[in-house]
Amino acid sequence: MGERILIIEDEEKLARFVEMELSYEGYTVQKAYDGRTGLALALSGDFDLVVLDIMLPGLSGMEVLRRIRRELQTPVIMLTARDTVTDKVSGLDGGADDYMTKPFEIEELLARIRNALRKTAQKRGSGQGEGRALTACGVSLDPWRHVVEFEGTHVELTKREFDLLQFLMENKGLVFSRDALLDKVWGYDYMGDTNVVDVYVRYIRSKIDDVFGIKLIHTVRGVGYMVKDEQKT
């Protein structure tokens with residue numbers, strides 16, 4: 001195994017307990033007890049996954065996550081004592097890969113860590129980001145470098161916007177309902193209105209379709225959304 005995991009958690013007893021369990025499972029673990037120290041370690045780029053608490057001294061977990069996502073796509077699992085949909089959605093939309101509420105069973109955290117690491121390994125194994133960028137309507141999306149461009153011009157997308165566009169471009173020419181997109185992009189445990197899909201499609205269109213005068217994401221009335229190649233409008 002040997003994957004390196006960073007725990008950013010100000011509850012030292014909890015951090016030590018998680019460290020002990022992860023070490024027993026064969027992971028290499030490092031800890032930080034405040035946001036600024038954790039961020040500096042995370043940005044070193046040497047970790048395969050980050051376990052990140054939301055309530056941290058120095059910098060909040062949300063701010064740490066935001067700054068990590070500027071530079072890295074390292075999987076992040078958020079921890080919080082607040083079990084509210086707003087916190088959960090904020091964390092996931094901010095770029096977290098998963099979310100757990102304290103108190104939690106260590107077996108579930110271990111399972112979620114394995115799942116996140118497996119997804120990363122699958123991306124690497126499929127060669128994503130290694131000369132296999134997805135393309136449509138002049139838009140190029142590189143899943144591994146996490147870069148979107150239109151004819152060489154960089155397009156800035158949030159992680160959730162990127163994930164939605166990536167899924168649609170990977171399945172170019174196929175139509176997906178809102179429920180299907182929620183399941184594939186937001187995940188099985190998303191608790192929210194299906195209209196969130198419409199909102200994110202609008203976000204993407206405002207940054208790509210409207211700016212460059214193309215029609216990348218198509219609405220299929222009564223069914224859902226799809227990406228297909230089409231010339232500039």
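Strand 7 and strand 8 run antiparallel and are joined by four bridges. They are part of an open sheet of four strands, paired antiparallel in the order 6-7-8-9, whose edge strands, strand 6 and strand 9 (153–155), each pair on one side only. From one strand to the next, the twist averages 25°. Helix 6 packs on this sheet, where it touches strand 6, strand 7 and strand 8, and its direction makes about 110° with that of strand 7.

Another open sheet has five strands with parallel pairing, in the order 2-1-3-4-5; its edge strands are strand 2 (28–32) and strand 5 (98–101), each of which pairs on one side only. Neighbouring strands of this sheet are turned against each other by 20° on average, with direction ignored.

Within this sheet, strand 3 (residues 49–53) and strand 4 (residues 76–80) run parallel and are joined by four bridges, and valine 51 stands opposite isoleucine 77 in strand 4. Helix 3 (residues 61–71) lies across strand 1 (4–8), strand 3 and strand 4, and runs at about 170° to strand 4.

## Nonpolar cores

The largest nonpolar core has 32 residues, and those with the most contacts inside it are Val148, Leu164, Leu165, Ile208, Leu216 and Ile217. Several elements each supply at least two residues of this core, among them strand 6 (134–136), strand 7 (139–142), strand 8 (147–150), helix 7 (178–186) and helix 8 (195–207), while the largest share, six residues, comes from helix 6. A second, separate core of 20 residues includes Leu14, Ala15, Val29 and Val51.

Leucine 216, not counting residues up to four places away in sequence, touches Ala136, Cys137, Val139, Leu165, Ile208, Asp209, Met226, Val227 and Lys228.

## Leucine 181 and its surroundings

Leucine 181 has its place in helix 7, and because its relative accessible area is 0%, leucine 181 counts as buried. Leaving aside neighbours within four places in sequence, leucine 181 is in contact with Leu164, Phe167, Leu168, Phe176, Trp186, Val197 and Tyr225. One of these contacts, leucine 168, is 13 residues from leucine 181 in sequence, and their C-alpha atoms are 8.8 Å apart in space.

## The chain as a whole, and its confidence

The secondary structure of the chain comes to nine helices and eleven strands. Of its 233 residues, 47% are buried, and the chain exposes about 11,700 Å², of which carbon and sulfur atoms supply 48%. Among contacts between residues at least 6 apart in sequence, 55% join residues at least 24 apart.

The average pLDDT of the chain is 86, and 85% of the residues score at least 70. Among the elements of the chain, strand 1 has the highest mean pLDDT, 96, whereas helix 4 (residues 85–93) has the lowest, 67. Where pLDDT is low, the predicted coordinates should not be read in detail.

Key: Residues numbered from 1 in each chain as written. Predicted model: local features only at pLDDT ≥ 70, side-chain atom pairs only at ≥ 80, totals over all residues. Heavy atoms only, no water. Pairing = 2+ DSSP bridges. Axes fitted to C-alpha atoms, helices over the stretch in contact; angles between N-to-C directions. Contact = heavy atoms within 4.5 Å. Buried < 20%, exposed > 50% of the residue type's maximum accessible area, 1.4 Å probe, protein only. Areas by Shrake-Rupley, 256 points an atom, 1.4 Å probe, with all protein chains shown as cover. Core = buried A, V, L, I, M, F, W, Y, C linked by side-chain atoms within 4.5 Å. pLDDT = per-residue confidence, 0-100.
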